[in-house]
Amino acid sequence: MPRAVTVIPATINPLTRMSTVNVAKRRTAGYARVSTDSDEQFTSYEAQIDYYTQFIKRNPEWEFVRVYTDEGISGTNTKHRDGFNQMIEDALAGQIDLIVTKSVSRFARNTVDSLVTVRKLKEKGVEVFFEKENIYTLDSKGELLITIMSSLAQEESRSISENVTWGQRKRFSDGKVSLPYKQFLGYRKGADDLPEIVPEEAALVRRIYSMFMHGKTACTIARQLTSEGIPTPAGKSKWQASTVGSILTNEKYKGAALLQKKFTVDFLTKTMKKNEGEVPQYFIEHSHPAIIDPLEFNLVQNEIARRKTLGRKYSGGSVFSCRIVCGDCGEYFGSKVWHSNSKYRTVIWQCNAKFDGAEKCRTPHYTEAELKERFLTAYNSLFENREALLEDCRLIQQTLSDCSKIDTEISELREEIEVVAELTRKCISENSNTALDQEEYNARYESLVERYNRAADRLEVLEKAKAEREAKADSIGAFVFSLSEQDKLLTEFDDRLWLTVIDTVTAHEDGRLVFNFKNGAEIEA
């Protein structure tokens, strides 16, 4: 008998996994997104939601699920798009058969994210319809078209990112300052778009600076502000030492601005990197009203640098911390409390290593009242020859501030480094493209590396020396200012004056205290 073949038609669509016999409505969701939350975009956002709601409901073959939305979110990365991520999660869980969206660029501006998401949905039989391009992802031409359209969308994002970056740098070069006001303590956006001081917040900033200069550490200040229930600049209840440190080192509080401290490495991931010379920076003086006097700001920076050199020795808590040095062993004096639970309670200062060695240090201890009295004596003796001293200090400050020779050598070294770096690149390129004697190549390469390192090491030394000279000049400037403002002998101890004029105090075993002032003078009291 002849062979008989009976065709049994397919009843399941291999792509959508839906029955071809029993016609069922496809569960359909819409996706709408605008990339900014400005008022101009609000109408577009609301219009998209309304449009896709009606668009899906009008199709008799579709069953409306919901419209997923993201407002004020960039499409370059799907990580922070909550509406998008929830939609994908629901689709993979079998709750959605079809997703309708405006265009490939609304779905994602990142080619990788777009393709990965579409393929993930395809494995579960979920289709995406891009209305503008008229692309169904389960169509045979779908993936090719998506790849092309996503690449174009990604390039559009790159172009936008480059334009935004150019615009920001143009603002920087024009000296226009903008602050992240929602997380910046002390300022708000003024009527002229420039930073405007908030008096209540400015008082807190000044208090933080004062607490630091009175011996407290950033950690101690953070704990105290938290215990007092004062909210952080971001509105949180707990202060971190890093937040206090950021306030203490931000030049914007002295009315200046260093712009482009960080820059975006990748426009897709929005990864930020500290600017270490890769892109230009812009420093603007007198850019906006100052909360902290520039002189005080510089004093705080010098104190931060001083404490760093002390390392873990610095504990803080008093203006005398890490200022009094033992003449016997070189260790710092620390505070001790005698009779802490009685009416005879006394705070004394003695060598921290007094009892550490086989033979204890012979330097005596001092009460705070004694230290203050001795300081008044030393300062007043210095005050007697004030005019001559001020003139000497100004000459020293002028000498220290003149860094023209150092600047010339620094400039020459930077040029040398650029030249050597270029020679090294050419050497490597030549070796990769031409057959060279490797011994000669290695000798030449090592010579260039040694030359580069020698210049870089010298540059580091000079930059450090320049920073030290500038810090010393600032210290002497503060000393001159304090002395010139004082028109009579001191009768009471002044914390601020002590911190401004005293470098260290050396305690000797015979009870002498030698006060080392920041102008280099030494007065025994």
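User: Is the crossing in which α6 passes α9 left-handed or right-handed?
Analyst: Residues are numbered from 1 along each chain as its sequence is written, and side-chain values use heavy atoms, without hydrogens and water. A crossing is left-handed if the near helix is turned anticlockwise from the far one by less than a right angle, and right-handed if clockwise. Where α6 passes α9, the crossing is left-handed.

User: Are α6 and α9 parallel or oblique to each other?
Analyst: Helices (H or I, at least four residues) and strands (E, at least two) are DSSP runs, numbered from the N terminus. The axes of α6 (residues 199–213) and α9 come within 10 Å and cross at roughly 45 degrees; axes are lines fitted to C-alpha atoms, for helices over the stretch in contact, with angles from 0 to 180 degrees between N-to-C directions. Angles under 35 degrees count as roughly parallel, over 145 as roughly antiparallel, 65 to 115 as roughly perpendicular and the rest as oblique. The relation of α6 to α9 is therefore oblique.

User: Which residues does L299 touch, apart from those up to four places away in sequence?
Analyst: L299 lies in helix α9 (residues 294–310) and counts as buried because its relative accessibility is 11%; buried means under 20% relative accessible area, exposed over 50%, and partly exposed in between (1.4 Å probe, protein chains only). Where α6 meets α9, L299 is among the residues of α9 involved, and M213 is among those of α6. Contact means heavy atoms within 4.5 Å, and outside that sequence range L299 touches M213, A478 and T500.

User: What distance separates the C-alpha atoms of L299 and D474?
Analyst: L299 and D474 are 175 residues apart along the chain. Their C-alpha atoms are separated by 7.4 Å.

User: How many residues of strand β17 are buried?
Analyst: L513, F515 and F517 point one way from β17, whereas V514 and N516 point the other way. Strand β17 (residues 513–517) is mostly covered, and of its five residues the number buried is five.

User: Which residue is the bridge partner of N516 in β18?
Analyst: Two strands pair if DSSP finds at least two bridges between them. β17 pairs in the antiparallel sense with β16 (residues 502–507) over five bridges, and T504 stands opposite N516. β17 also pairs in the antiparallel sense with β18 (residues 522–524) over three bridges. In β18, the partner of N516 is E522.

User: Which residue takes a positive phi in the hairpin of β17 and β18?
Analyst: The hairpin of β16 and β17 has five residues between the strands, and there G511 has a positive phi near 95 degrees. In the hairpin of β17 and β18, with four residues between the strands, a positive phi near 100 degrees is taken by G520.

User: In which strand is confidence lowest?
Analyst: The protein chain averages a pLDDT of 79, and 81% of the residues score at least 70. Where pLDDT is low, the predicted coordinates should not be read in detail. Confidence is highest in β3 (residues 98–101), with a mean of 92, and lowest, with a mean of 61 over residues 262–266, in strand β9.

Technical notes: This is a predicted model: local features need pLDDT of at least 70, side-chain atom pairs count only at pLDDT 80 or more; totals for chains, interfaces and linings use all residues. pLDDT is the predictor's confidence in each residue, from 0 to 100.
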